[in-house]
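Me: I have a protein model open and would like to learn how to read it. Can you take me through it, one feature at a time?

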Amino acid sequence: MKNTIFIIEYAKGNDKGFDGFRPDTKPILRAIEEETDFETEIVFFKPNKKYQLLEYLKKNAFAVISRINPGNLKQVDEYFQFLKALADSGVEIHTHPDVMINLDFKDILAKLRDSKIGDKESNFYHKFSDFASKFPEDLKKYGIRVLKTNYGSTGEGVYLVRLQDDGSIISTEAVNNEKYYFDDIHEFISKFEKNFEDDNEYAAYFQGKVGFVGCRYLERISEGEIRVLLVNDKPISVVHKKPQDGAFSATLFSGAKYKYENPEDEKWKDVIELTKQGLLDLRPYLQGQNYPLLWTMDYILDYNEDGSDKYILSEINCSCVGITTELHYAKEVAKVFKKKE
Ligand SMILES: Nc1ncnc2c1ncn2[C@@H]1O[C@H](COP(=O)(O)OP(=O)(O)O)[C@@H](O)[C@H]1O
Ligand SMILES: [Mg+2]
């Protein structure tokens with residue numbers, strides 16, 4: 001029986017340690033070796049050597065843990081097809097590309113709009129023509145909207161769009177809190193067109209995936225984001241990410257502060273309960289696969305009608321959640337492989 005668990009990385013990206021690996025890769029593999037009888041190995045995905053890698057993994061891998069941030073790889077569709085081919089040959093893939101394509105992209109917010117974790121006022125503009133015809137009305141209705149590119153990360157491609165009384169528009173990008181000014185909605189829409197890419201006709205996974213998700217602006221982002229970190233269907237931590245004062249973005253790069261807390265803590269009871277319910281809402285999008293290996297459900301607070309706290313899902317991350325600053329979670333990841341011995 002094949003007895004090796006692999007982590008697959010991409011050589012490039014800003015997520016590497018001094019040795020060229022993600023700093024959490026070796027700790028995860030070490031934990032797997034400690035917790036199980038599996039051997040472990042690290043490989044790199046190189047698009048021009050993918051067939052050799054495919055054969056090698058088919059021959060040697062019991063399971064493959066994908067640790068590539070899609071933002072670092074141009075050929076994401078090709079990579080997902082590669083993972084799918086491996087999965088179809090019987091190798092366990094964490095996280096399966098059919099799951100990543102559904103959960104990791106922001107259009108899941110529009111799909112979940114009628115569920116308890118979602119927000120009714122979320123929508124997805126797949127084509128620029130949809131956007132140009134619908135967004136002006138949406139913005140007029142709310143005065144302020146958040147636009148998220150379907151496959152962005154770390155605040156890139158997330159815009160806070162505000163309509164001023166004089167009809168002019170201010171757009172703030174979450175990645176760096178930079179502001180852009182537009183005389184009116186027409187100027188904004190026409191300058192936004194460049195952000196819409198065409199569908200790639202050769203893509204297997206990415207059909208229908210280009211575009212932007214429009215969300216209600218949740219002003220309680222000033223209180224931070226609440227991140228539930230999960231291993232499969234088990235919440236292992238709750239992280240309170242607080243943006244710097246006055247900033248729109250709560251990403252680590254923008255200077256937000258992180259605090260990891262125990263999910264059993266009484267103060268997180270509601271969000272954990274909601275998350276467990278959310279797991280059921282997500283089930284139809286798993287295509288029969290398991291929940292992601294190591295992933296997050298991020299929430300922003302809002303109010304219920306009675307003034308109590310309401311958590312609204314703002315993002316799911318499941319392609320490559322880092323645990324570099326909290327390496328003890330490697331053990332939770334390793335336990336997933338324990339029962340299969
Ligand atoms: N609906 C929203 N209301 C207010 N702020 C938001 C909203 N959605 C996202 N943001 C802000 O934008 C940042 C980036 O958005 P997010 O959905 O987390 O995408 P990503 O982390 O992939 O870039 C968040 O950390 C948060 O500060
Ligand atoms: Mg985020």
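Me: Let me start with one residue. Is Q287 buried or exposed?

Reply: First, two notes on the model. It is a predicted model, in which local features need pLDDT of at least 70 and side-chain atom pairs count only at pLDDT 80 or more, while totals for chains, interfaces and linings use all residues. Residues are numbered from 1 along each chain as its sequence is written, and chains are lettered from A and ligands numbered from 1 in the order in which they are written.
Now the general idea. A residue is buried if 20 or more other C-beta atoms, placed from the backbone, lie within 10 Å of its own; it is exposed if 12 or fewer do, and partly exposed in between. Q287 has 11 other C-beta atoms within 10 Å, so Q287 is exposed.

Me: Where does Q287 lie?

Reply: Helices (H or I, at least four residues) and strands (E, at least two) are DSSP runs, numbered from the N terminus. Q287 lies in the loop between helix 8 (269–282) and strand 14. Look at its backbone too. Phi of Q287 is near 50 degrees, a positive value in a residue other than glycine.

Me: What is the phi of N232, and where is N232 found?

Reply: Phi of N232 is also positive, near 50 degrees, and N232 is not a glycine. Its place is the loop between strand 11 (225–231) and strand 12 (234–242). N232 has 18 C-beta neighbours inside 10 Å, so it counts as partly exposed.

Me: Now sheets. What is the order of the strands in the open sheet of four?

Reply: Strands of a sheet pair through backbone hydrogen bonds, either parallel or antiparallel. Two strands count as paired if DSSP finds at least two bridges between them. Here the open sheet of four strands has the order 2-1-3-4, with parallel pairing. Strand 2 (39–44) and strand 4 (92–94) stand at the edges with a single partner strand each, so one side of each has no neighbour in the sheet. From one strand to the next, the twist averages 20 degrees. Axes are lines fitted to C-alpha atoms, for helices over the stretch in contact, and angles run from 0 to 180 degrees between N-to-C directions.

Me: How many bridges join strand 1 to strand 3?

Reply: Five bridges join strand 1 (residues 4–9) to strand 3 (residues 61–66), and the two run parallel. Find I5: A63 in strand 3 stands opposite.

Me: Which strands does helix 2 touch?

Reply: Two residues are in contact if their C-beta atoms, placed from the backbone, lie within 7 Å. Helix 2 (residues 50–60) packs on the sheet and touches strand 1, strand 2 and strand 3. Its direction makes about 125 degrees with that of strand 3. Helix 1 (residues 25–35) lies across strand 1 and strand 2, at about 170 degrees to strand 1.

Me: How many residues lie between the strands of the hairpin of strand 14 and strand 15?

Reply: Five residues lie between them. G307 in the turn has a positive phi of about 90 degrees. Strand 14 (residues 294–303) and strand 15 (residues 309–317) run antiparallel, joined by eight bridges. M297 stands opposite I316 in strand 15.
Compare strand 8 (residues 169–173) and strand 9 (residues 178–182), which pair in the antiparallel sense over five bridges. Their hairpin has four residues between the strands, and N177 takes a positive phi near 60 degrees. E173 stands opposite E178 in strand 9.

Me: Which residues have the most contacts inside the largest nonpolar core?

Reply: A nonpolar core is a set of buried Ala, Val, Leu, Ile, Met, Phe, Trp, Tyr and Cys residues joined through C-beta atoms within 7 Å. The largest one has 83 residues, and F6, V64, Y299 and V333 have the most contacts inside it. Helix 3 (residues 76–88) gives the most to this core, with six residues. Y299 touches several residues beyond four places away in sequence, including V271, Y311 and L313.

Me: What kind of peptide bond joins H94 and T95?

Reply: A cis peptide bond, with omega about 0 degrees. T95 lies in the loop between strand 4 and helix 4 (97–103).
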